[in-house]
Amino acid sequence: MSDETHPKPKYKRVLLKISGEALMGDQGYGLHPPTVARIAQEVKSVHDLGVEICMVIGGGNIFRGLAGSAQGMERTTADYMGMLATVMNALGMQAQLEALGVHTRVISAIPMDEVCEPYIRRRAVRHLEKQRICIFAAGTGNPYFTTDTAATLRANEMNCEAIFKGTKVDGVYDKDPMKFDDATRYDTVSYDVVLQKNLGVMDASAIALARDNNKPIIVFSLDEPGGFRGILAGQGTYTLVQG
């Protein structure tokens, strides 16, 4: 096969972080199976290039800990409920990926042996080396940490070369492009500018962890068909967050 058909990907091992809301489709809650299937197909297309893939999926489509605590629920309990929501999303994504013939492992920071594996770093690395997709669920296993921070932590532990953050927009803007027509997209932006201007790429602890370990973050639109694969082939529209 020609190199044109299978372009050599820019990265060999990456972490894809998507929000739970990305799995809702047009619904207001829960999982929308056709949307999960579409994202699984995108992930498979990158996996077919030989890229080793880790995933972290948020839980906001089912339960968001911060919102729960804002309504009077004790924060620690609310966060644990949010972590359990991420496990449900991870299992849903695993089912779709395996329906496409891609071997996938759900690895949870909270042990629940009947449905997924516990997090053991060396075992997870071995799964990646065997071309299995690893979906890391239940955040870091600790309250007060978001799935953004969990994604950055796992990307560092797994020696991923980059973090791909799939969103509703095609990069990082100086203000919300959904609300302001004159919003300007950054091609590249530094970690410090993201923190200083509170650009909302990821929460501050995740950005600081990426900066301290020099882990580039690529922000792109998950709604753009072929976007994930295209960026790995050096095409597409995105923002690169780096030093």
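Which residues does G60 touch, not counting residues up to four places away in sequence? G20 and E21. Contact here means heavy atoms within 4.5 Å.

Ground rules, quickly. This is a predicted model, where local features need pLDDT of at least 70, side-chain atom pairs count only at pLDDT 80 or more, and totals for chains, interfaces and linings use all residues. Residues are numbered from 1 along each chain as its sequence is written, and side-chain values use heavy atoms, with hydrogens and water left out.

Back to G60. It sits in the loop between β2 (52-57) and α2 (65-70). Helices (H or I, at least four residues) and strands (E, at least two) are DSSP runs, numbered from the N terminus. G60 is partly exposed, at 25% relative accessibility. The scale: buried is under 20% relative accessible area, exposed is over 50%, partly exposed is in between, with a 1.4 Å probe and protein chains only.

Now its partner, G20. This glycine is in the loop between β1 (13-18) and α1 (33-47). G20 is buried, at 1%. Beyond four places in sequence, G20 touches I57, G58, G59, G60, N61 and N89.

Both carry an annotation. An unreviewed UniProt entry puts "binding site" at K17, I18, S19, G20, G60, R64, T167, Y173 and D176. Positions are in the numbering used here, feature names are shortened, and annotations may be inferred rather than shown by experiment. These residues span 160 residues in sequence, and the farthest two C-alpha atoms are 24.6 Å apart, so they do not all gather at one spot. Still, the lining of the largest pocket includes K17, S19, G20, G60, R64, T167, Y173 and D176.

How is a pocket defined? On a 1 Å grid over the protein atoms alone, it is an open set of points where a 1.4 Å probe fits, with protein on both sides within 12 Å along at least five of seven lines. Lining residues have an atom within 4 Å of a point.

The largest pocket has a volume of about 1100 Å³. Volume is the space filled by probe spheres set on the points, with grid points joined across faces, edges and corners. Of 50 lining residues, the closest to the centre are K17, S19, R64, D148 and K165. Helix α3 (75-99) gives the most, with five residues.

The second largest pocket has a volume of about 170 Å³. Its lining includes D170, F220 and E224. Here α8 (227-232) gives the most, with three residues.
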